[in-house]
Amino acid sequence: MQAKATNLRGRRGDSVVFSAVGFTLQSGRALVVTGPNGAGKSTLLRVLAGLLGADEGSFRLTDAAGIDLPVAREAHYLGHANAMKRELTVTENLSFWRNFLAADQPSGLSVDAAIDAVGLSGVGHLPFGYLSAGQKRRIALARLLVARRPLWLLDEPTAALDAKADSMFAGLVTAHLERGGMAIAATHQPLGLESVETLRLDGVHHAVDSEHGTWDDRSEVRA
Amino acid sequence: MMALFRRDLAIATRSGGAAMLAVLFFLAVVAVAPFGIGPDLNLLARIGPAFLWIGALLASLLGLDRLFQADREDGSLDLILMQETPDLILTVFVKSFAHWVASGLPLVLVSPLLGLLMNMGLESTGAVMLTLLAGTPAIAFIGATGAAVAVALPRGGLLVSILILPLAIPVLIFGVSASYAAVTDPDPFWPPFMILSAITLFFAALGPVAAAVALKAAAD
Amino acid sequence: MSDVSISPGWLTRLANPSRFLELSGRILPWLWAATLAAFAAGLVMSFNAPEDYQQGITVSIMFIHVPAAWLAMMCYSLMAVSAIGTLVWRHPLADVSAKAAAPIGAVFTFLALVTGSLWGRPMWGTWWVWDARLTSVFVLFLMYLGLIALNRAMDEPGRAARATAVLILVGFVNIPIIKFSVNWWNTLHQPASVMRLDGPTIHPSLLYPLLVMAVAFTLLFFTLHMMAMRNEIWRRRVQTMRHRAARAIGSGQ
């Protein structure tokens with residue numbers, strides 16, 4: 001399996017936050033996207049997940065035979081928010097996503113096993129809202145385990161995690177890579193991963209040169 | 001999809017959920033009507049069906065803005081949007097239906113009680129109940145579109161109501177006229193009721209599609 | 001907190017939740033016994049009461065209707081006192097008391113409405129009339145439901161209790177105004193017949209069962225209220241333990 005981005009350009013509003021981004025990622029490899037705040041790390045991940053349209057370029061996921069796979073169905077996306085309901089218990093939250101994300105056939109770990117894997121055994125019966133910020137993030141990581149998807153798109157995965165949980169997370173990702181998975185993580189913390197490639201976004205914003213013109217007066221001057 | 005239905009229902013009925021609020025609002029709105037109109041029982045019986053319908057319409061609009069906003073705030077919406085469009089439409093349909101079961105169905109169930117307060121007869125109450133059962137899902141489905149359009153707005157609640165009210169007018173027209181037709185003799189009950197059901201089916205098909213498109217467009 | 005000292009000493013001692021649980025556990029059996037005894041006496045007297053020459057047997061509904069309506073109002077007064085306790089002394093037991101009373105009050109109000117409606121059917125020929133007293137009680141019912149909804153809508157018990165307390169007091173101040181305006185709006189109900197300056201107009205053969213039933217209902221209310229308070233205290237303890245459990249799981253790794 002291979003993930004390949006070619007000449008991606010993404011923008012937020014009227015300004016281009018990155019352009020000409022390309023990379024190729026093979027099974028078992030991870031890509032860490034770094035860069036200063038506002039460099040477009042989150043935007044890039046949302047573009048990869050298909051949540052935002054790319055301005056230009058393409059991102060394709062292909063299997064060993066070179067056939068295109070739907071990214072939305074093959075990828076886990078972990079954004080800034082944890083995608084959990086505070087009213088429901090941890091188990092209810094995770095079993096919902098387990099059912100929802102693997103509609104056709106349940107794959108991945110059982111809910112209890114996933115909770116164990118993030119080191120929070122016994123937390124299942126508690127409402128999600130009772131947990132601390134770090135515990136919530138760890139349960140959000142457990143979501144990646146209850147449905148098996150080869151590509152993990154992680155936006156600041158270790159936010160709110162302490163050092164111990166950091167290494168737990170590194171272990172989870174390493175295990176995922178060893179099973180032939182891929183991971184793309186946006187972060188400015190070292191993840192403690194081996195076998196990673198790094199993509200650095202410089203954070204220089206450009207005005208959009210659109211054929212319809214823009215509202216950005218700098219481009220008007222240049223034109 | 002059953003999992004999604006169960007989850008939304010569980011959230012709506014857990015403590016602090018919105019399910020009971022719609023019923024309370026319905027109760028309060030219909031209960032204040034006589035204070036404005038006067039306690040004349042014959043008059044109340046005459047305007048009862050119309051007032052119950054207006055109350056139910058307003059109550060159905062109440063929680064609509066949270067339909068997708070709650071999922072957007074906690075990040076669930078991103079995962080829901082990472083679906084192929086046909087699946088997304090089905091998801092929106094299920095969410096709207098769950099919303100109706102949690103907050104629309106209770107309105108139908110308490111309507112006889114309010115019929116009592118409005119001095120409506122047995123037939124008239126039954127007709128209102130039946131038309132509400134057939135008509136309120138339409139409000140939930142078309143409301144999903146409004147909720148999707150306003151999903152990113154911080155104060156979308158009022159806006160959703162303003163957007164949806166004009167679209168729900170046909171539901172009101174045929175719901176009320178079927179309710180009256182059941183009790184006034186020369187008017188037939190079935191034609192307006194069939195049209196009402198048809199509107200519900202039409203919105204059940206159109207609403208989720210429009211909402212799915214709007215949600216995809218609003219992703220940022 | 002320094003402002004606790006304002007509250008009377010005996011109240012402070014009683015108002016420790018653990019102490020309340022212990023004390024109420026000892027009182028409850030006796031309260032139950034008194035309630036059942038009062039109900040036994042009241043029901044026997046009610047069924048032996050003569051029929052009214054105008055209203056016939058339907059007058060018996062009054063033995064439930066009037067006590068329920070009386071409790072509907074007393075319960076709200078009790079909640080208002082609790083609300084003052086919440087706002088002035090910030091005492092958790094006052095929060096618990098107000099929260100526990102609301103559903104009970106709502107049920108008694110509903111009971112008063114239903115029995116009134118059952119009585120009205122043969123008397124007025126309709127289940128419901130928008131007369132001043134019925135309407136006031138109905139508004140009270142809506143207020144109860146609103147208070148319950150507000151309390152349920154917030155996770156944090158202390159904050160929920162303070163918000164609810166403010167609303168309870170505003171409602172309490174408002175009740176005479178509501179009552180007055182509804183009276184203005186419509187008067188159809190018969191005038192009060194028990195509480196009058198020139199003595200009760202109701203015949204003693206009906207009055208005594210009514211009074212005994214009123215006592216029985218009041219005892220029932222306090223029994224239920226005490227049980228509901230105990231439940232609420234335990235519920236909060238469970239919640240606290242769950243929070244503690246969540247913290248323990250995180251730090252134990």
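How many salt bridges are there between chain C and chain A? I looked, and the count is zero, taking a salt bridge as a side-chain nitrogen of Lys or Arg within 4 Å of a carboxyl oxygen of Asp or Glu.

A note on ground rules: this is a predicted model, where local features need pLDDT of at least 70 and side-chain atom pairs count only at pLDDT 80 or more, while totals for chains, interfaces and linings use all residues. Residues are numbered from 1 along each chain as its sequence is written, chains are lettered from A in the order in which they are written, and side-chain values use heavy atoms, without hydrogens and water.

Next I looked up who takes part: ten residues of chain C and 14 residues of chain A are in contact, meaning heavy atoms within 4.5 Å. I found three nonpolar, four polar and three charged residues on the side of chain C that touches chain A; here Ala, Val, Leu, Ile, Met, Phe, Trp, Tyr, Cys and Pro count as nonpolar, Asp, Glu, Lys and Arg as charged, and the others, Gly among them, as polar.

Then I turned to N82(A). N82(A) is buried, at a relative accessible area of 16% (buried is under 20%, exposed over 50%, partly exposed in between, with a 1.4 Å probe and protein chains only). Beyond its neighbours within four places in sequence, I noted contacts of N82(A) with residues including F128(A), R137(A) and D74(B).

Last, I checked L90(B), which is partly exposed at 42%. Its C-alpha atom is 29 Å from that of G55(B), 35 residues apart along the chain.
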